[in-house]
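Please look through the sequence and the model below before reading on.

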Amino acid sequence: MAKVYVFDHPLIQHKLAFIRDVKTGTKEFRELVDEVATLMAFEITRDMPLKEVEIETPVSKAKVKVLSGKKLGIIPILRAGIGMVDGILNLIPAAKVGHVGLYRDPETLKPVEYYVKLPSDLAERECIVVDPMLATGGSAIEAITSIKKRGAVNIKFMCLIAAPEGVELLKEAHPDVDIYIAGLDEKLNDHGYIVPGLGDAGDRLFGTK
């Protein structure tokens, strides 16, 4: 069964408080999301495999450790997921980026796929699917289903905030995908929004209504 990690790092929690604040403007919101994504990437890559190699320092030869194994793929769910990509690339600039475009039907709350573009060597990469919000779980489930159909086998899901309902549905649909969350919230309201949440992440990132 999928594991769920809720980050309690003080810097993540501090920055998340300002992300939630209705008074935080678009520019600051973007910068904070970028910073939290970097901090979360530091934690989510903790188990990446290492190998020992020999190098030459200015003083002598040394045995050191470097990354080995699978390369990284970052898959944002459009459009809000884009806001988290640069934060991860700050740490791992060699990662490839794919995109899955989904929107939520306002009446059925079901996700509708409209765009998919992924690295060709998806099966060889550890894929991190990113979206600021895990609300009903529909978009995350659909996006992960989509990339699995196209060859992804090693997948993690990363979000800023999540509702318990979405977490449980994602675990049931994809028990092999671990979930990484900056803040686990109280519930979903009748409109499918996370409470207390942070509003619409896409609108706050891009200054739209």
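Aspartate 131 touches Ile77, Ala80, Gly81, Met84, Phe157, Met158, Cys159 and Leu160, where residues up to four places away in sequence are not counted and where contact means heavy atoms within 4.5 Å. This is a predicted model, in which local features need pLDDT of at least 70 and side-chain atom pairs count only at pLDDT 80 or more, while totals for chains, interfaces and linings use all residues. Residues are numbered from 1 along each chain as its sequence is written, and side-chain values use heavy atoms, with hydrogens and water left out.

**Annotated residues and the pocket**

Aspartate 131 sits in the loop between strand 8 and strand 9, where helices (H or I, at least four residues) and strands (E, at least two) are DSSP runs numbered from the N terminus. An unreviewed UniProt entry places the feature "binding site" at Arg79, Arg104, Asp131, Pro132, Met133, Leu134, Ala135, Thr136, Gly137, Gly138, Ser139 and Asp200. Of these residues, the lining of the largest pocket includes Arg79, Arg104, Asp131, Met133, Leu134, Ala135, Thr136, Gly137, Gly138, Ser139 and Asp200. A pocket is an open set of points on a 1 Å grid over the protein atoms alone, where a 1.4 Å probe fits and with protein on both sides within 12 Å along at least five of seven lines, and its lining residues have an atom within 4 Å of a point. For "binding site", the unreviewed UniProt entry also lists Ile194, Gly199, Asp200 and Ala201, and the lining of the largest pocket includes Ile194, Gly199, Asp200 and Ala201. UniProt positions are given in the numbering used here, feature names are shortened, and such annotations may be inferred rather than shown by experiment.

Isoleucine 194 lies in strand 13 (residues 194–195), and its contacts beyond four places in sequence include Met133, Leu134, Ala135, Ile161 and Lys187. Glycine 199 is found in the loop between strand 13 and helix 6 (201–206).

The table gives the relative accessible area of several residues, where buried means under 20%, exposed over 50%, and partly exposed in between (1.4 Å probe, protein chains only).

| Residue | Relative accessible area | Class |
|---|---|---|
| Aspartate 131 | 11% | buried |
| Methionine 133 | 17% | buried |
| Isoleucine 194 | 7% | buried |
| Glycine 199 | 41% | partly exposed |
| Arginine 150 | 42% | partly exposed |

**The nonpolar cores**

In soluble globular proteins, nonpolar side chains tend to be buried together. A nonpolar core is a set of buried Ala, Val, Leu, Ile, Met, Phe, Trp, Tyr and Cys residues joined through side-chain atoms within 4.5 Å. In this model the largest nonpolar core has 35 residues, and those with the most contacts inside it are Ile19, Met40, Ile88, Met158 and Leu160. Helix 2 gives the most to this core, with eight residues.

A search of the whole structure finds zero disulfides, a disulfide being a pair of cysteine sulfur atoms within 2.5 Å. For cysteine 127, the nearest cysteine sulfur is that of cysteine 159, 17 Å away. Cysteine 127 counts as buried at 0% relative accessibility, and cysteine 159 is buried with a relative accessible area of 0%.

In helix 5 (residues 164–173), Gly166, Val167, Leu170 and Lys171 are buried. These residues lie on the same side of helix 5 because they cover an arc of only 130° around the axis, the arc being that of the directions from the helix axis to the C-beta atoms. An α-helix has 3.6 residues a turn, so residues three or four places apart point the same way. What covers the buried residues of helix 5 includes strand 1 (4–6), strand 9 (133–134), helix 4 (138–149), strand 10 (154–162) and strand 11 (178–184).

Arginine 150 lies in the loop between helix 4 and strand 10. Beyond its neighbours within four places in sequence, arginine 150 is in contact with Glu113, Val116, Leu118 and Leu122. Arginine 150 and valine 116 are 34 residues apart in sequence and 10.0 Å apart in space, C-alpha to C-alpha.
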